[in-house]
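Open the model in your viewer and keep the selection tool ready. We will go from stop to stop, and at each one you will select something and look.

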Amino acid sequence: MAFSLTTFTDQLRYLPYNEWDNDYKERLNTLADQSPWRLQYHIEPKVGLLNDPNGFSYFNGQWQLFYQYYPFGPVHGLKSWFHLTSSNLFHWQEGEIALTPDNPFDSHGAYSGSAIAIDDQLFMFYTGNVRDENWQRIPYQNGAWMDQAGHVTKEKLPLITPPDFVTDHFRDPNIFEFEGEYYALLGAQLRDGNCGVILLYRVIDQDVKKWEYVGILDIGESELGYMVECPAIAFVEGHPVLFFCPQGLAQDVDPYDNIYPNKYIVAETFDPEHAKLVNPSTMQNVDEGFEYYAATTANGAHEEALSVAWIGGPEMASPTDDYGYQGALSMIRSLSLVDGKLHQTPVVPADAFSKAPLIIAGTEILEHNHYVLDTTIQPGDSETINFFLGEQDDEGLFLTVDATSGIVTLDRSHTDYPVSEASGTTRMAQVTPGESIRVNAYVDESLVEIYVNEGERVLTGRYFPRAGHTGVKVTQGIVHMF
């Protein structure tokens, strides 16, 4: 049984979950079991489609994470929130669907949002997607509560309805606490000019059921395309770091290669009274790779700042579609600031590795494709590292590191299973020329996250190798196997 987007009509995509027959679900599971590209230490769905991470938070002594989920095929349909928990941010335990689209204010999907612990419950803030009889969208910002036993109770009425000055593109509430008060960011599109903005709301009288509009968030940028999705804010070493996804952003405003970019801005402080980021930096790409979108954030109990993103993107197909599933989440990243620039490093516990390190000098055929490679290119040197090698040296994923120019290039053009070729097959990151460059490449069967100079730059993307292509070629490196 094969799946393609053309088999899923609107009627089928929005069919209630209880109307899917068991035979179909069993065949979908059987198909997914045949996939040769299953990830080992990244989150992905067993079947169906995963997209935005949601509700990343710390509650009840555990990390909580949800993701947008459509269980019946690798397409965007009637969305729910799937629940995961972790004690160490690396090993995640699967739960079940936590938010289902089951009332008049989320009838066509429980869309993206956030969560925060309040007293002994987790408050979940999400967009309810509703379509009327003319298929016009009505977005509602809804609330729900999860107790310590994992039971979810929804608020009966929406908490925020669309203001008159925005279109139906009004979604992705990001709740956060600042100086003892609760605020929320929302992505939106203005009716006047169809331009993208981020809106700021605040809670009235410490009651998250009551919200008031503050204003359009001033982030120091006037051009944000035609829509902004997934705004999220983290406080890193006391500074607000804003993540956001401007759709339709002009290339001459800030360059990017992907269909839609994920950007960040670092500011000196946050001024909620004037809806403003004070002394903001220019926009930067969060990740210089191929697939990285809808990053969301969390500040932990000890003020640590973290992020996670969807390794995928809107309007994309994947080779895993033929096996009835699509999408993955990035590793959890720890956020820090160095000279005002964002640095990101993966959260990996010391006991994650299964064996002693393997020293590589040349070409090595590994047992499998889930490992991390650590290597350093010295000043004046240049090297091309090959991943997913088979019998021929011209096959695989190529990472070229030039310590003279400071340019790091990721090339996935040599593949039998291309992804988003229209957006190009190479990506580049720039670091300081003339200095040594350290590379930590996290490889996971069909996904790579490459951290350059302790996360000064990161390049993430999918690569789907042929069976048996488990070789890696590097002049000198250390491999840690998961």
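Which residue does the side chain of Glu273 meet in a salt bridge? Select Glu273 and Arg202: their side chains form the salt bridge, at 3.5 Å from N to O. A salt bridge here is a side-chain nitrogen of Lys or Arg within 4 Å of a carboxyl oxygen of Asp or Glu.

Before moving on, note that this is a predicted model, where local features need pLDDT of at least 70, side-chain atom pairs count only at pLDDT 80 or more, and totals for chains, interfaces and linings use all residues. Residues are numbered from 1 along each chain as its sequence is written, and side-chain values use heavy atoms, with hydrogens and water left out.

**Stop 1: more on the first pair**

Glu273 sits in the loop between strand 16 (269–271) and strand 17 (276–278). Arg202 is in strand 11 (residues 196–204), 71 residues apart from Glu273. Strands are DSSP runs of E, at least two residues, numbered from the N terminus. Glu273 is exposed, at 55% relative accessible area. Arg202 is partly exposed, at 22%. The cut-offs are under 20% for buried, over 50% for exposed, and partly exposed in between (1.4 Å probe, protein chains only).

**Stop 2: other salt bridges**

The count of salt bridges comes to 19. Select Arg333 and Glu449. Their closest N and O atoms are 3.0 Å apart. Arg333 belongs to strand 22 (residues 333–338) and Glu449 to strand 31 (residues 447–452), 116 residues apart. Are Arg333 and Glu449 buried or exposed? Both are buried.

Next, select Arg466 and Glu395, a salt bridge of 2.3 Å from N to O. Arg466 is in the loop between strand 32 and strand 33 (471–481), and Glu395 is in the loop between strand 26 (382–389) and strand 27 (397–402), so the pair ties together parts 71 residues apart in sequence. Arg466 is partly exposed at 37%, while Glu395 is buried at 18%.

**Stop 3: a buried arginine**

Go to Arg462, in strand 32 (residues 457–462). Arg462 is buried yet has no salt bridge. The nearest side chain of opposite charge is Glu44, 4.7 Å away. Show the contacts (heavy atoms within 4.5 Å). Leaving out residues up to four places away in sequence, Arg462 touches several residues, including Leu39, Glu291, Ile311 and Arg412.

**Stop 4: strand 10 and its partners**

Select strand 10 (residues 181–190). Of its 10 residues, 9 are buried, so strand 10 is largely enclosed by the rest of the structure. Strand 9 (residues 166–178) pairs with strand 10 in the antiparallel sense over 8 bridges. Two strands pair if DSSP finds at least two bridges between them. Find Glu177 opposite Tyr182. The hairpin of strand 9 and strand 10 has 2 residues between them, and Glu179 in the turn has a positive phi of about 50 degrees.

Now look at strand 11. Strand 10 and strand 11 run antiparallel, joined by 7 bridges. Leu185 stands opposite Leu200. This hairpin has 5 residues between the strands, and Gly193 takes a positive phi near 95 degrees.

**Stop 5**

Strand 15 (residues 263–266) pairs with strand 18 over 2 bridges. Finish at Tyr264, whose bridge partner in strand 18 is Gln284.

Key
Helices (H or I, at least four residues) and strands (E, at least two) are DSSP runs, numbered from the N terminus. Lys and Arg count as positive and Asp and Glu as negative; His and the chain ends are not counted.
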